[in-house]
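Please look over the sequence and the structure before reading on.

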Amino acid sequence: LLGSHKKFMKKIIIILFLSLTSCKTTTPNSNIDSLIEITMSAGDNAVTALVAEDASSQVYELMSNVKNTVVAGDLRKALESYVNPIIEIFEQEYKKKYPIMHSPRTQQESLFYTLEGLLLSAVKGTEKKQVNIYRVPYVFSEAYYLRGSLNISLGRLDLGKEALEQALALAPSNSLFLSELGYIYQAENKF
């Protein structure tokens, strides 16, 4: 068993090395709504990281209103009038269009999620050898986080937990999101 574990880890290290050495940036394909393409490959598997279209100015204006309303102390209005509409826009305009996506804070986090996608496709041995992962604006995972945080503050732990899990689906390594979800687990004595 230990020998097979070492072989598996060796394969992962080789895949990481190959993916880092074969990483390239190319100009976008005109058929794709992207600004940047980064393709990583290892063996027969390839993952292409594409930048989805940016959020509209309306989304950023709504987010600005969230922050101002929270500072003013009206959490319910921030949630219902500003956060929920941002999430509605995301679900209508992005969720259906981009099947595999992440919402990183930084370029490094985006690269990490792309490498993770490559590793998962190689380990799972997926039939689909080419996987596209779209980077969507961070404002959307932040909106799910705020939905979770505001619901927690309003005493609705179940809704808060659900929203935080959705935020983590977009940004699984986000320490702020993980910490807030940890708070819920602590409150539920599930730690």
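The buried residues of helix H2 pack against helix H3 (75-93) and helix H5 (138-153), contact meaning heavy atoms within 4.5 Å. Helices here are DSSP runs (H or I, at least four residues), numbered from the N terminus. This is a predicted model, in which local features need pLDDT of at least 70 and side-chain atom pairs count only at pLDDT 80 or more, while totals for chains, interfaces and linings use all residues. Residues are numbered from 1 along each chain as its sequence is written, and side-chain values use heavy atoms, with hydrogens and water left out.

**Helix H2**

- H2 runs over residues 57-71, which makes 15 residues.
- From its first C-alpha to its last, H2 reaches 22 Å, close to the 21 Å expected; the expected span is 1.5 Å times one less than the number of residues.
- Val59, Leu62, Met63, Val66 and Thr69 are the buried residues of H2, where buried means under 20% relative accessible area, exposed over 50% and partly exposed in between (1.4 Å probe, protein chains only).
- An α-helix has 3.6 residues a turn, so residues three or four places apart point the same way.
- Ser57, Glu61, Asn68 and Val71 are exposed on the other side of H2.

**Salt bridges**

- There are three salt bridges in the structure, each defined by a side-chain nitrogen of Lys or Arg within 4 Å of a carboxyl oxygen of Asp or Glu.
- Glu142 and Lys67 meet through their side chains at 3.8 Å, N to O.
- Since Glu142 lies in helix H5 and Lys67 in helix H2, this pair ties together parts that are 75 residues apart in sequence.
- Glu142 counts as buried at 18% relative accessibility, whereas Lys67 counts as partly exposed at 43%.
- Glu188 pairs with Lys161, the closest N and O atoms being 3.3 Å apart.
- Glu188 lies in the segment after helix H7 (175-187) and Lys161 in helix H6 (residues 157-170), so the pair ties together parts that are 27 residues apart in sequence.
- Glu188 is partly exposed at 24% relative accessibility, and Lys161 is buried with a relative accessible area of 16%.
- Arg105 forms a salt bridge with Glu109, with the closest N and O atoms 2.9 Å apart.
- Arg105 counts as partly exposed at 40% relative accessibility, while Glu109 counts as buried at 10%.

Notes: Helix = DSSP H or I, 4+ residues; strand = E, 2+ residues; numbered from the N terminus.
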